[in-house]
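Please look over the sequence and the structure below before reading on.

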Amino acid sequence: MAPTKQQIAVYITETGPLFGRKDVPKPGPGQILVKVVAAAQNPTDWKSVGRALKASKYGAIIGNDFAGTVEELGPDVPAGVRTVGERVGGFVLGTVSANGSFAEYVVAEADRGIVPIPESWSFEEAAQLGVAPFTAMQCLHQTLELPSPFEARSGPQRTVLIWGGASSVGQYVIQFAKLGASPKNFDLVKGLGADEVFDYRDESIIEKIRAATNNALDIAVDTISDGKTPEQVTGAIGDMGGRVAIILLYESPRPDVKVKYSAAPDLLKSESNGRWYVDLLTKILATGKIKPNPVNIQSGGLVGVKGGLQYMQEGKVSAQKLTYRIADTPDIPEL
Ligand SMILES: NC(=O)c1ccc[n+]([C@@H]2O[C@H](COP(=O)([O-])OP(=O)(O)OC[C@H]3O[C@@H](n4cnc5c(N)ncnc54)[C@H](OP(=O)(O)O)[C@@H]3O)[C@@H](O)[C@H]2O)c1
């Protein structure tokens, strides 16, 4: 039964993110209401606060990634897609409306951007089964057009460069592809399956990657897509040219290297092939081989969000997922 009272949430006000009370959102056709147990943070959360302030989107609830239990099914949710009480993890488009994951309840699409939580994953771990793993799949299968792990493969094994292997997206790309980071995270990315690891702070990284790949690298995922990485990642591609999956928009500095952008929110749209990605992630997780990003629980539940956004904006997040447990949030009176 949907709660009628207001919920605690973190939302946009004229002075920035505020921890307070808002109405519980209602699921529309094809949507579900999820009681959030844990929410995880992505860079888009702090970036979208700036955009929302500029657009005066006051009242918009912040947060994309969540894990929790299905509280209520909206109208027209196809039979068997979701069940009340089911443990689910996924993402929504936060900071644009009165619905976001940094809250006690979130409305999500029933069959897009959401997966059942594997039994061995806690809610805190599953809170990151949103933007990062869906983006990782988009880069590999939509942009680079690589076959899924469950499709028959023909021809020789491909080598793919995953730039930013310690980033949240990068950790999932490595694991999904199985197949650079700074030295402090070398053990982590090798443990996830990277065959060779390079230090992105090394001045001669491009020469080293070109040597290691015999100048024949033709595909890469740029999970940072920022700063020097446009030159670096396209520069690592061999003399025959190639293709790079990017997740922040940039122009390719090399005419023989095509860059192609993808955006996770596109997978939530009804005309997208979002269900294909839901099925794929569900199957990938069922292999039992995927490790979540190391979870860093922030104290105070949703009270910690403001500090977490600041910490991430300052570039201090390293190979970890800032995560908030809703139950850790202190109660505040209803309005
Ligand atoms: N298009 C989309 O839909 C989409 C989806 C998800 C993310 N994104 C964007 O993609 C970016 C990454 O997101 P995320 O959640 O994966 O970030 P994140 O985990 O917060 O990124 C932090 C990590 O990035 C690594 N890093 C920073 N600069 C690097 C560089 N120049 N080269 C290699 N690694 C570097 C750091 O490694 P060390 O700790 O080793 O220094 C750190 O571990 C963000 O800008 C985000 O907005 C876009």
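What follows is a short briefing on selected strands and helices, grouped by topic.

The structure is a predicted model, and the points below should be read with that in mind. Strand β3, which covers residues 31-40, has eight of its ten residues buried, so the strand is largely enclosed by the rest of the structure. Helix α7, residues 229-236, is likewise described as largely enclosed, because seven of its eight residues are buried. In general, the strands of a sheet pair through backbone hydrogen bonds, in either the parallel or the antiparallel sense.

**Strand β3 and its partners**

- Strand β4, residues 65-73, pairs with β3 in the antiparallel sense over eight bridges, and within this pairing Leu-33 stands opposite Glu-72 of β4.
- Strand β6, residues 105-109, is joined to β3 by five bridges, the two strands running antiparallel, and here Ile-32 stands opposite Ala-108 of β6.
- Strand β13, residues 321-325, is also antiparallel to β3 and is joined to it by three bridges, with Ala-38 standing opposite Arg-325 of β13.

**The parallel sheet**

- An open sheet is formed by four strands in the order β8-β9-β10-β11, with parallel pairing.
- The edges of this sheet are β8 and β11, each of which has a single partner strand, so one side of each is left without a neighbour in the sheet.
- On average, neighbouring strands of the sheet are turned by 20° against each other when direction is ignored.
- Between β8 and β9 the parallel pairing extends over four bridges, and Trp-163 has Asp-222 in β9 as its bridge partner.

**Helices lying across the sheet**

- Helix α3, residues 131-143, lies across β9, β10 and β11, and its direction is at about 150° to that of β10.
- Helix α4, residues 168-177, lies across β8 and β9, and runs at about 160° to β8.

- Which residues of α7 are buried? They are Thr-229, Pro-230, Gln-232, Val-233, Thr-234, Gly-235 and Ala-236, where buried means under 20% relative accessible area.
- These buried residues pack against the strands β8 (160-163), β9 (219-222), β10 (242-246) and β11 (257-261), and also against helix α6 (205-212).
- The four strands in that list, β8, β9, β10 and β11, form the open parallel sheet described above, and the buried residues of α7 are in contact with them as well as with α6.

Methods
Residues numbered from 1 in each chain as written. Predicted model: local features only at pLDDT ≥ 70, side-chain atom pairs only at ≥ 80, totals over all residues. Heavy atoms only, no water. Buried < 20%, exposed > 50% of the residue type's maximum accessible area, 1.4 Å probe, protein only. Pairing = 2+ DSSP bridges. Contact = heavy atoms within 4.5 Å. Axes fitted to C-alpha atoms, helices over the stretch in contact; angles between N-to-C directions.
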